[in-house]
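Hi,

Here is the structure I promised to pass on to you. Have a look at it first, and then read on for what turned up in it.

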Amino acid sequence: MEKPYRRRDLLGIRDLSAAEIVGILDTAENFREINSREIKKVPTLRGKTVINLFFENSTRTRTSFEIAAKRLSADSVNISVSTSSLTKGETLIDTALNLDAMAPDCIVVRHGSAGVPHQLAKVSQAAIVNAGDGANEHPTQALLDAMTIREHKGKIKGLEVAIIGDIIHSRVARSNIHLLTKLGANVRVAGPGTLVPRDFEYLIDCANPQSAIRNPQLKVCLNIEEAITGADVVMILRIQRERQDAAYFPTLGEYSIHYGLTNDRLNLAKEDAIVLHPGPMNRGIEIASEVADSSRSLILDQVKYGVSVRMAVLYLATGGSMVNG
Amino acid sequence: MKRALSRLASEIVEENHGADDLYLVGIRRRGVPLAERLADKIEAVEGKRPSYGILDITLYRDDLSTVGASPIVNRTELEEDIGNKIVVLVDDVLYTGRTIRAALDQLMDFGRPRKVQLAVLIDRGREHRELPIQADFVGKTVPTKSSEIIKVMLKEYDDIEAVGIFERPTG
């Protein structure tokens with residue numbers, strides 16, 4: 001039942017080479033123009049079927065994938081957990097096999113558990129695109145972040161990027177660390193000690209994923225000020241309110257005092273530093289409104305580039321032939 | 001090649017009674033420098049530079065599922081509105097006509113030109129056509145066999161200026 005591994009699946013940034021990442025970004029760059037046309041549609045994926053299989057809530061990512069598919073003329077179908085058979089007791093693999101029997105060309109999957117897209121990729125004939133799996137990866141988010149950074153900084157190599165917040169539970173942080181360090185940036189991470197493991201530098205090593213060698217481009221900082229000082233890019237992660245009960249930090253108010261991004265803190269970064277946030281943001285908690293609404297915040301650019309990135313990913317996942325694919 | 005382009009430029013101007021409302025659109029890749037050169041020549045004669053744009057037809061191809069790995073997508077650049085313009089599509093070689101079909105489809109997604117014409121440097125002959133498409137302006141008709149490949153080499157991409165006929169590699 002297992003099929004050979006194909007590059008058509010996008011399971012994580014970790015599996016990609018720097019050249020493949022740049023290839024996806026360049027393709028996305030060329031799709032941008034379509035999103036500003038009067039008729040925002042090209043016939044490229046006419047007759048292809050894309051299933052958005054979302055086991056977790058999502059507005060932005062699902063909508064973005066759906067718009068991307070529609071602008072390429074693919075037919076997209078959305079399945080969310082509340083309407084799926086999983087609530088009736090079907091296993092994940094059975095659900096995948098049933099979907100597969102309807103011959104989709106691509107399944108975009110989001111799930112609360114790490115590794116679900118990888119399991120689906122083993123049994124499904126469709127190309128699998130990971131739209132977020134547990135705390136593992138969210139590759140299209142990292143790609144759209146990279147596109148935003150490249151657009152505003154002209155490059156990624158050599159940049160200092162601070163990622164602030166709940167690092168340990170964040171698939172956005174993991175995908176971004178993989179991508180940014182592969183493309184030659186230096187990444188600093190910071191947040192409450194309970195959410196930023198001190199030995200994180202050893203856990204993620206892009207060159208040698210099998211060994212626990214320290215990633216020299218990744219640095220765990222003791223406080224947010226240290227991480228932000230001199231940074232070119234400040235990436236703020238969402239504090240997941242649902243985690244508050246787990247006592248990782250005392251209160252949202254206290255989190256905001258110690259780790260919220262204010263103008264004063266942002267002034268420690270380079271003068272032309274940019275601010276990213278994967279959304280949805282909690283104003284006044286991890287990011288102050290004065291920062292979120294400033295010209296340095298590129299949050300809406302991220303959303304805009306998300307469509308182009310997902311068009312590129314869907315194109316590369318379904319456009320190729322079965323012969324060489 | 002230079003003389004053929006000069007002739008194409010004057011034919012385009014003559015046919016359209018000047019350069020007013022002319023919009024030259026190069027088809028990637030080799031139609032792009034050709035369209036640019038035609039624009040230069042038309043400007044030299046008429047004192048007015050026609051509008052100029054670029055089409056990348058990758059997303060409009062009809063063979064996406066058979067061409068192997070995904071072809072590289074490049075950018076389409078039509079800054080000015082093509083509405084009510086006389087669009088002259090420019091490509092290096094006219095063979096089966098499928099590229100031009102894709103270009104026409106894409107063009108129509110951008111607006112409604114008054115007229116669309118086709119200028120090519122080399123026409124490989126009607127017998128190769130797989131669609132009812134003919135060129136309005138032809139630099140040179142070069143009868144070829146399907147077993148041959150014709151390659152227009154331009155200094156922008158190939159360092160030399162030449163048109164060559166090669167045997168298609170077999171196997």
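B:Gly31 counts as buried, because 27 C-beta neighbours lie inside 10 Å and the cut-off for buried is 20 or more. Please keep in mind that this is a predicted model. B:Gly31 is part of helix H2 of chain B. Which residues does B:Gly31 touch, once neighbours within four places in sequence are left aside? They are B:Gly26, B:Val90, B:Asp91 and B:Asp92. By contrast, B:Glu80 is 49 residues from B:Gly31 in sequence, and their C-alpha atoms are 18 Å apart in space.

As for strand E4 (residues 115-123) of chain B, 4 bridges join it to E5(B), and the two run parallel. In that pairing, B:Val120 stands opposite B:Val138 of E5(B).

Most residues other than glycine have a negative phi, and most peptide bonds are trans. B:Asp21, in the loop between helix H1 (2-15) and E1 of chain B, has a positive phi near 65 degrees. B:Asp21 counts as partly exposed, because it has 16 C-beta neighbours inside 10 Å. B:Asn84 has a positive phi too, about 65 degrees, and lies in the loop between E2 and E3 of chain B. Is B:Asn84 buried or exposed? With 12 other C-beta atoms within 10 Å, B:Asn84 is exposed. The peptide bond between B:Arg28 and B:Arg29 is cis, with omega about -5 degrees, and B:Arg29 sits in the loop between E1 and H2 of chain B.

Chain A has a cis peptide bond as well, from A:Gly279 to A:Pro280, with omega near -10 degrees. A:Pro280 belongs to the loop between strand E9 (274-276) and helix H11 (289-292) of chain A.

Finally, here are two helix pairs in chain A. The axes of helix H5 (residues 139-153) and helix H12 (residues 299-318) of chain A come within 8 Å and cross at roughly 120 degrees, which makes H5(A) oblique to H12(A). Their crossing is right-handed. Among the residues in contact are A:Leu143 and A:Met147 of H5(A) and A:Tyr305 and A:Val309 of H12(A). By class, this contact has 6 nonpolar, 4 polar and 3 charged residues.

Helix H3 (residues 92-100) and helix H4 (residues 116-123) of chain A have axes that come within 10 Å and cross at roughly 50 degrees, so H3(A) is oblique to H4(A). This crossing is right-handed. The contact includes A:Ile93 and A:Leu97 of H3(A) and A:Leu120 of H4(A). Its residues divide into 7 nonpolar, 1 polar and no charged.

Best wishes

Methods: Residues numbered from 1 in each chain as written. Chains lettered and ligands numbered in written order. Predicted model: local features only at pLDDT ≥ 70, side-chain atom pairs only at ≥ 80, totals over all residues. Pairing = 2+ DSSP bridges. Contact = placed C-beta atoms within 7 Å. Axes fitted to C-alpha atoms, helices over the stretch in contact; angles between N-to-C directions. Parallel < 35°, antiparallel > 145°, perpendicular 65-115°, else oblique. Left-handed = near helix turned anticlockwise from the far one by under 90°. Nonpolar A, V, L, I, M, F, W, Y, C, P; charged D, E, K, R; others polar.
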